Amino acid sequence: MKSKLLMPALALCLAAPTFAQMPPLVDRDLFFGEVEIAGAQISPDGRFISFLKPHNGTRNIWVKKAEEPFSAAKPITNETRRPIPSYFWSRDSKYILYVQDQGGDENYNVYAVDPAKGEKAALETRNLTAAKGIRALIYSVPKTDPDALFVGINDRDKAWHDLYKVKISTGERTLVRQNTDRVTSWIIDNKAELRMATRSADNGDTEVLRVEPGKMTKIYSCGVLETCAPVRFDKENKLAWFITNKGDNVDLVELALMDPATGAAKPYESDPLKRVDFASAVFSDVTDSLIATAYLDDKIRIYWKDKAWEADYKLLKSKLGDREIGLGSHTTDENLWIISSNSDVEPGETYLFDRKTKQLTLQYKIREKLPRAALCPMKPVRYKSSDGLEIPGYLTLPKGVPARNLPVIMVPHGGPWARDAWGYSALPQFLANRGYGVLQMNFRGSTGYGKKFLNAANKEWGQKMQDDITWGAKYLIAEGIADPKRIGILGGSYGGYATLAGVTFTPDVYAAAVSIVGPSNLITLLESIPPYWEAARKIFHVRMGDPTTAEGRKQLLAQSPLTHAAKIKTPLMVVQGANDPRVNKRESDQIVIALRDRGFPVEYLVANDEGHGFARPVNNLAMMAAMEKFLSKFLDGRFQSATTPEVGKRLAEITVDPKTVKIEAPVTASAGAGPKPDSAPLTGPMAYKISVQAGAQNIQMDVTSEVKEEGGNWVATDTMKTPMGDAVDTTVLAKDTLTPMKRSVKQGPVTIDLAYEGKKVTGKMSMSGQDRPIAADIDGPLFADGAGSSQSIAALPLAEGYATVFLNFDIQKAKPKTMQLKVVGSESVTIAAGTFETFKVEISAADGPEKQTLWVSKSPRKVVKIEATMPQLGGAKMTSELVK
């Protein structure tokens, strides 16, 4: 009888691995705490070595003489809020340049610091792009002009980057090219001349342009589901290295040489093994010659074109073993190089390599205190999905226990148009140390595996893309690796969406889930993408689904986890950055509220100083502390209970009680009715002087606005004289209601024609001979939209305290937007045209930063002054005053 009682316990011990044989629990701070030292670079003149290291608790840039020990280094920056993400030396070694945003908003500016000033350098850090609410892009650091940068700045139009040449020593900016043609990238040649560009066509195609003074000519194009782009110019500075997978019979991205004079592209190389896309190339800065090409397969493969470099690489491999070797910064003569060496179980070692003497000198180890013996190998695996498609991935298993009946965590990557790769990664190593098997799968839609694999994901969010994850879990169960009752899912960005989709569409698969900055509603996600993603909007619509069509909205709603939140029965943790510009905090709030309101428990973390993912180590440590405890509770893994006082305090600060989460109900205009004017609009011409202040730039323009009666309706015409030519907006207004019926806008090569009928807007936008149809549903009639909007506002029954709500139409996004109007008081206003007693009227977008203030004279009723903040121009201030 006693032996029978022992049998179940013995079977349980044999089936479920214990933690006794595992390596000791590694402190989470060694995985996710601030890195002790990283990011070494050698100055182009070889005199200095710079690197990243904490200073006053935040990652900053330090510099030392090349021959000095690292202990002699001094900090030259003093960022206190966010770690510096990246930096580089100017070509002449006089400056170090870095980028930084604010609170994770991804609005990066470019800063310059003079390392020769030592610790005083931080006091004289200069912002070279100095603008609020913009995102600067560095296009080129020309070697022929070491005091210059070519930078894209979207201060004029937040959707598109104008090209500037910036003088590093003074910060002087010179406009090279204004971007009025949907340009997505500018290509500078080896002599610092603008030669090529890429443009996003209205239909989503990519167009490659030859750039000449005063004109741009299309020389090549590829479809919205294809890839094509110039890389850089060749050593003769005549042809451009080019990547493309254009053509029905072409699957893999290949490297080619293009003649910008004709657009002819001659294939140079594609993957010799015919498995993956061309990944990258290495060029000599001295000769501009191609040194090597690389392909990212299960591991990286390199094909050398330079025999001397190939010999040096083989020498490095003989010294460093089976690790991946990265080429970092180098001196101008390319004799001294910073070399990195890493693997799945080696976070990284940094060396200085002398190509003349062949001497290889260790500089430091990244995360040196992290015990390498506790790290677990990452193994490439492949398995079949629901439709037979082969899915590549990487499996990391805990050390010290048999790979049987393990708790397993599925970790889908973000993007989704990205991929995971072999090498050291803190998250899977951390989870494996806690006792979990970790599967990172490159589901369909992951990049690098060819056009067919990428396009197999089109409109498959939550469907076949999710199957690729689910079938990964089935694969591990079939192999005996995973305990089917202890499978979790965890991911960020798209991986966060896949986590939410996993617990809604396959609620019986997972025992625990953690969504990090994951979208819950695909329609609100697409409606809130940052302005500088405008070029990708059409690509999103083709690959995900088009929210501007009834069919597309139906599909996206069906694929949104929020729609199916009632099916969730898996314990869930949600993590969000409050300043996320990609996945708005509302996405996480919505799913938390949906679970809370049905009485289902959910844990919620929100960091008010983070964006799309956490950059500050203290926030990462707080998140990981909460996450490992949560996973242990439901999956029976190990966890570290202790936290430092700083991390414990921060975790308490970012932990949100779901009871307190709320979303302000959006203000909407009532369907079928707009504001009711109590008088006719003022007829006759009116002239205004407009001033736009964008940073240091001031733009002056003249506008005339006229309303006249014609054909039983009102016809309003606004004409603005701009540096780009006259912009003419003509709008037909209904006689009694002043609601727009038709609108036409013309400026240069751009023409917009719209018609408003009932609850529909139809029309087209034409640019340089290309038409883009516009079609959208609206909830009711529009008001004060287009020419004559000032006269329409003035015709309302304005009085102190008067308020109303009405609809405008956003042409770029092809959707309506709700505007709120309120008379906040009366003021006497003196301008060039005279002194007026006015109503002060404030108008703002219900769901955005758009805001303007109008001063409307009480008699006669007309707008005499307008002040507005223009978010589409980086927060520029616009003032308009009546002249006559």
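In which loop is proline 860 found? Proline 860 is placed in the loop between β48 (851–858) and β49 (861–870), where helices (H or I, at least four residues) and strands (E, at least two) are DSSP runs numbered from the N terminus. The peptide bond that leads from serine 859 to proline 860 is cis, with omega near -10 degrees. The model is predicted, so that local features need pLDDT of at least 70 and side-chain atom pairs count only at pLDDT 80 or more, whereas totals for chains, interfaces and linings use all residues. Residues are numbered from 1 along each chain as its sequence is written, and side-chain values use heavy atoms, with hydrogens and water left out.

A cis peptide bond also joins glycine 415 and proline 416, with omega about 5 degrees. Proline 416 belongs to the loop between β30 (406–410) and α4 (426–433). Helix α4 is largely enclosed by the rest of the structure, because seven of its eight residues are buried; buried means under 20% relative accessible area, exposed over 50%, and partly exposed in between (1.4 Å probe, protein chains only). Among the buried residues of α4 are Phe430 and Leu431. The buried residues of this helix pack against α2 (28–32), β29 (390–396), β30, β31 (437–441) and α12 (617–635), contact being defined as heavy atoms within 4.5 Å. Just after α4, glycine 435 takes a positive phi of about 105 degrees.

Most residues other than glycine have a negative phi, and most peptide bonds are trans. Glutamate 106, in the loop between β6 (96–100) and β7 (109–113), has a positive phi near 65 degrees. Glutamate 106 is buried, with a relative accessible area of 7%. Aspartate 288 has a positive phi near 65 degrees and lies in the loop between β21 (280–283) and β22 (290–296). Aspartate 288 is buried, its relative accessible area being 10%.

A nonpolar core is a set of buried Ala, Val, Leu, Ile, Met, Phe, Trp, Tyr and Cys residues joined through side-chain atoms within 4.5 Å. The largest such core has 64 residues, of which Met410, Leu439, Met441, Ile469 and Leu476 touch the most other members. Helix α7 (residues 494–505) supplies the largest share of this core, six residues. Beyond its neighbours within four places in sequence, isoleucine 469 is in contact with Met410, Pro412, Met441, Phe443, Ile489, Ala498 and Tyr510. A second, separate core of 42 residues includes Met686, Ala784, Val823 and Ile843.
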